Amino acid sequence: MTTQQETRPPAAAKPVRWAADAVATMREGARLRLDYSVQSLWSVDRMIEGIRREDPPRDAVEHVLRGLGAYAGEVIARRTGAEWWATGGDHWIRTPDGHLWDPIDEARRCFAGQGSLRLLCRDAMNAAPRP
């Protein structure tokens with residue numbers, strides 16, 4: 001019997017780790033439990049909005065944004081059967097229908113007030129056939 005981790009493509013290694021780090025950081029620092037559910041992305045969007053309202057330099061929160069974007073990508077992967085793809089240091093989610101989604105950049109867009117990880121997940125789930 002193989003575990004999900006053993007069957008994941010190599011491109012998933014970093015984003016899966018970033019997502020797990022974000023889950024741990026949010027649990028310890030913000031007392032926010034992230035359970036890889038679609039509903040949890042409401043909380044993630046609100047968390048990013050709260051960080052934005054504090055007006056920190058983007059460089060100071062890039063690590064957090066990367067982790068929260070990877071978390072959203074993992075939610076999409078687990079719900080649609082999508083896989084992580086990587087090229088030149090960038091990571092995307094590829095849903096079974098062939099669409100590429102960039103949840104890490106969407107987290108940056110959220111921080112700029114122009115995106116939503118919840119809506120990205122909804123769109124990816126609507127576009128992808130169910131596994």
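Biologist: Which residues does Ser40 touch, leaving out those up to four places away in sequence?
Modeller: With that exclusion, Ser40 touches Leu34, Asp35 and Tyr71. Contact here means heavy atoms within 4.5 Å. This is a predicted model, where local features need pLDDT of at least 70, side-chain atom pairs count only at pLDDT 80 or more, and totals for chains, interfaces and linings use all residues. Residues are numbered from 1 along each chain as its sequence is written, and side-chain values use heavy atoms, with hydrogens and water left out.

Biologist: Is Ser40 buried or exposed?
Modeller: Buried, with a relative accessible area of 6%. Buried is under 20% relative accessible area, exposed is over 50%, and partly exposed is in between, using a 1.4 Å probe and protein chains only.

Biologist: And which helix is Ser40 in?
Modeller: Ser40 lies in α3, residues 40-53. Helices are DSSP runs of H or I with at least four residues, strands are runs of E with at least two, and both are numbered from the N terminus.

Biologist: Switching to α2. How many residues does α2 have?
Modeller: Helix α2, residues 13-29, has 17 residues. From first C-alpha to last, α2 reaches 24 Å, close to the 24 Å expected at 1.5 Å a residue. The expected span is 1.5 Å times one less than the number of residues.

Biologist: Which residues of α2 are buried?
Modeller: Pro15, Val16, Trp18, Ala19, Ala22, Val23 and Met26. They sit on the same side of α2, because they cover an arc of only 160° around the axis. That arc is taken from the directions from the helix axis to the C-beta atoms.

Biologist: What is on the face turned away from the buried side of α2?
Modeller: That face carries the exposed residues Glu28 and Gly29.

Biologist: Next, the loops. What is the phi of Tyr36?
Modeller: Near 65°, which is positive in a residue other than glycine. Tyr36 lies in the loop between α2 and α3, and is buried, with a relative accessible area of 13%.

Biologist: And where is Asp55 found?
Modeller: Asp55 is in the loop between α3 and α4. Its phi is also positive, about 60°, although Asp55 is not a glycine. Asp55 is exposed, with a relative accessible area of 64%.

Biologist: Last one: at what angle do α4 and α6 pack?
Modeller: Helix α4 (residues 58-80) and helix α6 (residues 117-127) pack at about 25°, with axes 10 Å apart. Those axes are lines fitted to C-alpha atoms over the stretch in contact, with angles from 0 to 180 degrees between N-to-C directions.
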